[in-house]
Amino acid sequence: MSRDIANDTEMITMSVKPTIVSLEQTVVARRPLLSVGANAFVSAIFTALVLPLFPPSANADFAPGGTLLDREVSITYGNLEASPTRARDNSNVLFPQDNYYKFGAAARWILPPGSTDYPLTVPFVPSQRRYDALKKYGPKVKQAVDAIVRIGSSSTTADNVPERTDPSYQLRSLGLIADSFLASDNTGTTNELMLARWYINEMYLRIGDYRDALVRGDAEEAKTCYASLTKAMNSYLSLLNRSITSKVGDQFGYI
């Protein structure tokens, strides 16, 4: 009996034997707590002292593509000659993912035609890709130029101006050649491609604006619309021509 009691006493003593923790283990265990505490402290200081110095702009807004801007989105910001009929959500254009979609702003014209001041660079695309695209879509680009020249005659009436959706303008072909000139599988959708699409969309909108002005008999407004239409086309051609080297083919002429 006494032996059983002794054994039980030994087992109880063993079960409550204190665990010895080394100083090193204690320090390691405390590090995450110290780290969390330090991060929380820094975050609190940042929120209390830094954020008030840089409050969000009262005019902050989101571009149609989701880019947060420090100003309001505007279809004419950066270019007052941009079409006023563009929908704020970019829903009434041919190529929704354009310069306005990403930046919530209009693009500037490339002036004079052929200038290389803007944009500063164009993406590298293999010359064979550009050569093939020019061979396939080059004639359609020339058709688009001819169509715009044709509707700009001083004797033009609304009846002589096809609707902006008319295939004679070849606007979708302009988008296809731009895809091959200004982007590749390696680059994805570039800012320069979005810029080219913006110019095409402006052509699309301005053809409609021009025709509507002619219907109203507003000759002055029609003149303004056509001037913007030609600037959009020449800017687009200027962008393409920068990618047309002697190995690729002949550059396009301007209006």
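Start by selecting Ala144. At 0% relative accessibility, Ala144 is buried (under 20% relative accessible area; over 50% is exposed and in between is partly exposed, with a 1.4 Å probe and protein chains only). Ala144 belongs to helix α4, residues 127-150 (helices are DSSP runs of H or I, at least four residues; strands are E, at least two; both are numbered from the N terminus). This is a predicted model, where local features need pLDDT of at least 70, side-chain atom pairs need 80 or more, and totals for chains, interfaces and linings use all residues. Residues are numbered from 1 along each chain as its sequence is written, and side-chain values use heavy atoms, without hydrogens and water.

Show the surroundings of Ala144. Beyond four places in sequence, Ala144 touches Tyr169, Gln170, Leu174 and Met233 (contact: heavy atoms within 4.5 Å). The C-alpha atoms of Ala144 and Gln170 are 5.3 Å apart.

Now go to the salt bridges. The structure has seven (a side-chain nitrogen of Lys or Arg within 4 Å of a carboxyl oxygen of Asp or Glu).

Select Asp61 and Arg88. Their closest N and O atoms are 2.5 Å apart in a salt bridge. Asp61 is in strand β1 and Arg88 in the loop between β2 and α3, so the pair ties together parts 27 residues apart in sequence.

Next, select Glu202 and Arg86. Their salt bridge is 3.0 Å, N to O. Glu202 lies in helix α6 and Arg86 in the loop between β2 and α3, 116 residues apart. Glu202 is buried at 0%; Arg86 is buried at 4%.

Finish with Glu163 and Arg211, a salt bridge at 3.3 Å, N to O. Glu163 is partly exposed at 46%.
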